[in-house]
Amino acid sequence: MKSEKAVLVLKDGTRFEGRAIGKRGISVGEVVFNTSMTGYQEILTDPSYAGQIITFTYPLIGNYDTNYEDLESRGVFCRGAIVKELEDEGNSWRGKHNLEDFLMRNNVIGIAGIDTRKLTRHIRNFGVLNGAIVSGQELTDIVVADVKARIDAFTDREMIREVSCKAVYHYDAPTEPWVTFEHWTRDKARRDAGGDGELKGFFMPKARGKGDDPAVIAKESATAASLQHEMRAERGSTIATSSHRNGIPCNDSVDKAQNHRKIFHLVAMDFGIKTNILRMLYNEGFDITVVPQDTSFETIVALQPDGIFLSNGPGDPKSIPDAIKVIGELIHYFPTMGICLGHQLLALATGGDTYKLKFGHRGGNHPVKDLKTGRVYITSQNHGYAVNQDSLVGTGLRVTLVNLNDQTVEGMDHENLPVFSVQYHPEASPGPQDNHYLFGKFRKLIEKPRMG
Amino acid sequence: MPKREEIKKVLVIGSGPIVIGQAAEFDYAGAQACLSLREEGVETVLINSNPATIMTDSDIADRIYIEPMTVEVIDQILEREKPQGVLPTLGGQTGLNLGMKLAKEGILAKHGCELLGTPMDTIYKAEDRQAFKNLMQEIGEPIPASVIATNLDEANVLKMEIGLPLIIRPAYTLGGTGGGIATSDAEFAEIVHRGLESSPIHQILVEQYIGGMKEIEFEVMRDSGDNCITICSMENFDPVGIHTGDSVVVAPCQTLTDREYQMMRSASINIIRALGVEGGCNVQFALDTLSFQYYVIEVNPRVSRSSALASKATGYPIARIAAKIAIGMQLDEIPNAITKKTVAAFEPAIDYCVLKIPRFPFDKFPEGDRSLGSQMKATGEVMSIDRTFEGAVKKALRSMDTKPNLDEWLKHDKYWAKATDVRLSLIIAALRRGITVETINADTQIDLWFLRKLRNLVTMEEQLAKLAALKDEEKNLQLEALLKRAKQFGFADHEIVALTDVTDTQLKQLLGTMHCAPTFKMVDTCAGEFEAVTPYFYSTWEDENEAVPSGKQDKAIVIGSGPIRIGQGIEFDYCSVHASLALREMGIESIMINNNPETVSTDFDVSDRLYFEPLELEDVVNVYNNESVGLDDGKKPKFIVQFGGQTSLTVASQLAKAGVIPHAGQVDSIELASNRGRFEKLLMALNIPFPRGHAAKTAAEALIVAEEIGFPVLVRPSFVLGGRAMEIVYSLDHMRELIDYVFSVVPDAPVLVDKYIDGKEAEVDLLFDGSDVLIPGIMEHIERAGIHSGDSMAVYPTQGLTLEQIDKMVDYSMRLAKAVGNIGLTNIQFVLQGGDVFVIEANPRGSRTVPFLSKVTGIPMVKLATQLLYGAKLKDLGYFPGLYPSSGVVAVKAPVFSFAKLTNVRTKLGPEMKSTGEVMGIDRTYPNALRKAFIASGIQIPLEGKVFVTVANRDKEEALSIVRGFAELGYAIVATEGTAHFLSEHEIKAAVVGKISDDPKNSILKQIKNKHIQLVINTPEASKDAESDGPQIRTAAIQYGVPCLTSLDTARALLFSLRARRQGKDLKVRTMAEYLES
């Protein structure tokens, strides 16, 4: 066990001394906690955590190592990881690197061995607060002063710009854009050699049940790609789609990309979109074009979408006023669905308001009630801001779902427009899969003939 | 949907006596359910034949029936009570089966009564193999492929389809005898052949083999609005193949990625929806270790042992919520009992690791087959909570209250491989000897993650042990570096002392200078996200202590009784619960320490503060120290130690030794009663007779002592519980045969040799307030001395004792109580021979009979005892000294055994306790009470049929009148040659059966199997050699469910009750309140 020290310093001066994990250095961010008991890899790769230092309340983290499949984005955007017990040697048939290695490779600074429950209670009582992990160096007066200055200066207003894609791309499911054949073969070579070569970033998911022959994979990728082309070419007509997803079990256990379904074109505004959202939408029969957060109304209209998707993302929704303006226009022309930050942006775009929660909702056990049906859904959540219910008066938006723990707004729809949103994460990953139906609901919304 | 207002009255079906597979968890569930229903204004009627339960207490349900749990009885209750609904899902399999029968036989319809919780159709779908298979296929949930075959061709069909390995299970054989796992074609043909042969109906189930996969469980809940939540996931340390009740279980799952976890969570919800369960449901899965392939292996559409564990592990009260759901409420309408601010519609998030280890009865049955499989064998379990897995393992092992002797096991090749009750300890032993985790994983399929965690413990041991050789200063320095981690890994001080060879004082000093102290964290269902109000704590070695004392000055710590085992059962939990409730009533803060997840005492509603901890000295002192903070000078928490059985007495002695509590008073009484020399001296001084006896240090000495006293003698090791290894010895030869074994049970301890007095036994539970003694009642044992009191039938009030005997017992009890000086409860056991009354033992604590006596006398014995401990006087409480007048009812206690669950165990009754539970038969007359007790304990004899008699030579004379009685009632008598010959000499006709070996085709075993025999009366010969067919006959009787009596006294009592039945009176049922009013 490495015993190099690390310290977590909070803005209010509270300190927790522990053991350094991952990269050494100083990392500043907003210290939050997540109560999920599984899914640390998905959480670490969720772009919505950009700018945050994540405390895992479950004390044993790293039990099943990390793999090449349970990734929610192209990288790790959080500012640090805090765990009680870091498992050096996990065990899982899909495991590839232990968590320490994963953190190291992704330049994540972390701290282990602290009383995470004490920290969680501290955050619960005093609200989320900024802090820093300092590892691999002594806390000299100079360092302390430097850290304090950086903590004070920290803001979450740049995060969306940081995580959003920089150019328009087509979601070629199931091959995520950052996974290339080259990566895969390198990894394959490394595995064949039985060594642990110098590799950075993520690798193509291993094909299951297809053998490990790169030629087969390449051929399949090609087939998938050509199918995508066909789909786009024949958009609007009913065609057969491929139901294979490279053999990777999607979080949706039933493959919904069934044959003979009409393919709709969706423009997804990327504020930090999670991969499983794309997968779920793809499985609903959407052809998806992902656009950066600063894409103009005209550019989006030119893509001729059938619907608009507003993604999740980090930080303060008010930090991207231009996007809010664009959304305000889009919803008058296209059926729209928003998730998490997308839901908050929708509220802002119609004249509503958002506010920062004391310590946010982060976990996989939040009960949400559908006000129309009375049904309760267990949801996966990750947000620090929420929509102010009173501010919705006159916006045309109606509250459809509320959180049973604190009565905050969890879902909205519009009186006149085919628009709805949820504050939670129906794509789960990690978390309960009870809300996958919402993607189907979105599809139905688009299928429905509309006036005008 | 809100509560269904039309449901005003509900009958809750309990689970009956404690047997292996159905233990205290259902008392916990049932009690919670009753309280939960009453909270909603629903009048609650309860039936349970088990008097040792909290749920049958007058303040739990409105109307309580302690009656046999049969369809006929419930029919009568429904007739009397006219409830709108029956709730069968909280009474285990017993409750569920009864619910099914009531529905099937039209009894519910007859009374216009509805089955609540889980529809009939659902129970059927979950319980019927084929219906379940069909349903799973319908909803696309995979189950292992299987086929029922009556020949090799039929069996081959599945082999062709899915290939090997396959598992073959013969139909209707006990413990799967004759079956096996086939991995090759040749093996397959052989096992199929063997399996067909061993099945009485020549039928086998051939099933896809999924042994070795991960075993995962989910606890799911659903309400009438179709809202579904999962409460807890659990992962079995032992892979598929071992009953989950016998497995070491961890919560939450440790080795699953979110994809795997959510895949099975979604499947469990899919299943509970398809089944339409309204309430709780347990789903068990097998998960492949190398793919996403899973199989549903079992569904229990009811509250189960796992749900009790899940409730304690998460703080989410499943049974309580399930009861509310059953009357129509939805999850979002029910408040969360822990936070009081949120609602029950959420999934607990936990921030600690929970471990359950089963407790097995093999200390009582050393001869039993200790291998584990699909038949559950454990009687109880312990649970531990910690923030590290290692800490949870250590704490759970320390909670077991027993240390297995591994010496014999370790001699075997690959001793870690076979699944037995001691495998966890053997694996740790193997790791100590350098066996690699990979090897163990290959041999056991136990996940490497678990094995590595165990290895961490061994590594820590090794690191600590290395310090032993160091000089003081260096040792201190190095120990300081390791100590906090060792404590986080759950190492007790005494273990560290032993490993490092520091003194206890040095260690304590070092911990002090390091500011290293235990902290207590709260179980709050939400991982700290919300403020919780429930003071339910566990210890761990971190920074923040959440168990801040309440500020109350008057507080008492109740020491619980730990895991349920034969000899220390649910009765002691009953006492602990009442002690806690009494304290609260007196305005004293009650603090419970216990480690048993099944019981009511570890329900956080029972005490003001609950600490889930091992019951070792260190853990108890840690709680004590924590609770002492902020008390005024001179104030200390008081220890309540007389209700947790032997466990709490042991803790008391240790506390006194450590100087935490004074040695005088309670602790001195304990010593006085258990120190043979002191106790005998006291009895002599009081002129109270007792059987002569001596302690012998060697086998030779024991033989001399026995001869001197004269046979028969009672031989037993000292310092054991529940009559462990106690034997009645009739001759010197018999003594020679046995004595080495008795000495081996507790190495280096003397063996006690006492005169065996062949007489009646009786016992008294008394209350002493420092000057006066109250005897609530005397229980007369139906079987004579020599059968453990826990295994005897007993009756209140006494039926066959003379006034002189009673007077003597009362006199001795009062004088002895005063002399022993134990305030509160004391149990005294007597043996009566003619006019002589001998005291055989006195226990200065609540006993097994306290719940029974409390119920039939109406005296709240534990509550009184607790008040007395705080200085109350019996007279002021309204009780006169002496024997309390009989309440006018007759109540018979009958033991219940779990022999059918264990193989190769000796079933004959003796001084060593073997029963796991008890029932009560209560009525206004003795014959009726006796009849009810027999029925409730499962001994129901048809009006006619055959009685098979084979008795030991010394019993033949005595057996005559009993056998004649059965013959007179019209039963045909069948007997072995010797017995038959003797009977015919005395003009009792008996058909003769030969020795089993003489006539295997038509042996008595076949007759038992074919249900041609309705009752077996078999009194075994004293020595094992003289017994030829006895064990086989008793085993066959148990296997095929034929009542088998091994004591003539029981047979005589049965005869008595059957005679009363002949007189043709129907049994009437009444509530406990009605009985006590009369």
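A residue counts as buried here if 20 or more other C-beta atoms lie within 10 Å of its own. On that basis, buried residues make up 54% of the 452 residues in chain A. Keep in mind while reading that this is a predicted model.

**Chain A**

Chain A holds twelve helices and 21 strands. Take its contacts with a separation of 6 or more: 75% of them link residues 24 or more positions apart.

Helix α11 of chain A spans residues 341–349, and nine of its nine residues are buried, so the helix is largely enclosed by the rest of the structure. The buried set takes in A:Leu341, A:Leu345, A:Leu346 and A:Leu348, among others, and it also includes A:His343 and A:Gln344. After α11(A) comes A:Gly351, which has a positive phi near 105°.

**The nonpolar cores**

Now to the packing inside. The largest nonpolar core has 441 residues, and the members that touch the most others in it are B:Leu87 and B:Ile973. The top contributor to this core is helix α20 of chain B (residues 570–585), which puts in nine residues. Chain A takes part too: domain 1 (5–154) and domain 2 (169–174 + 250–447) of chain A each give the core at least three residues.

What does B:Ile973 touch, leaving out residues up to four places away in sequence? Its contacts are B:Val947, B:Val949, B:Val963, B:Phe966, B:Ala967, B:Leu983, B:Ile988, B:Lys989 and B:Ala990.

There is also a second, separate core of 13 residues, with B:Leu166, B:Ile167, B:Leu196 and B:Val206 among its members. Some of these names come back in the next section.

**The β6-β9-β7-β8 sheet of chain B**

Four strands of chain B make an open sheet in the order β6-β9-β7-β8, and the pairing is antiparallel. β6 (146–149) and β8 of chain B are the edge strands, each pairing on one side only. From one strand to the next, the twist averages 25°.

Here is how the strands are joined:

| Strand pair (chain B) | Bridges | Sense |
|---|---|---|
| β6(B) and β9(B) | four bridges | antiparallel |
| β7(B) and β9(B) | five bridges | antiparallel |
| β7(B) and β8(B) | three bridges | antiparallel |

Strand β7 of chain B (residues 166–170) has four of its five residues buried, so this strand is largely enclosed by the rest of the structure. B:Leu166 is a handy landmark: it stands opposite B:Ala182 in β8(B), and it also stands opposite B:Gln208 in β9(B).

Helix α7 of chain B (residues 152–162) lies across β6, β7 and β9 of chain B, running at about 160° to β6(B). Helix α8 of chain B (residues 185–198) packs on the sheet as well, touching β7, β8 and β9 of chain B, and its direction makes about 15° with that of β7(B).

**The β23-β26-β24-β25 sheet of chain B**

Further along chain B is an open sheet of four strands in the order β23-β26-β24-β25, again with antiparallel pairing.

**Where the chains meet**

How many residues does each chain bring to the contact? Chain B supplies 45 residues and chain A supplies 43 residues. On the side of chain B that touches chain A, α9 (258–275) and α16 (448–467) of chain B each supply at least two residues. α9(B) has the largest share of that side, with seven residues. Sorted by class, this side of chain B has 20 nonpolar, eleven polar and 14 charged residues.

Note on methods:
Residues are numbered from 1 along each chain as its sequence is written. Chains are lettered from A and ligands numbered from 1 in the order in which they are written. This is a predicted model: local features need pLDDT of at least 70, side-chain atom pairs count only at pLDDT 80 or more; totals for chains, interfaces and linings use all residues. A nonpolar core is a set of buried Ala, Val, Leu, Ile, Met, Phe, Trp, Tyr and Cys residues joined through C-beta atoms within 7 Å. A residue is buried if 20 or more other C-beta atoms lie within 10 Å of its own, exposed if 12 or fewer, and partly exposed in between; C-beta atoms are placed from the backbone. Domain bounds come from an automatic or database domain assignment. Two residues are in contact if their C-beta atoms, placed from the backbone, lie within 7 Å. Ala, Val, Leu, Ile, Met, Phe, Trp, Tyr, Cys and Pro count as nonpolar, Asp, Glu, Lys and Arg as charged, and the others, Gly among them, as polar. Two strands pair if DSSP finds at least two bridges between them. Axes are lines fitted to C-alpha atoms, for helices over the stretch in contact, and angles run from 0 to 180 degrees between N-to-C directions.
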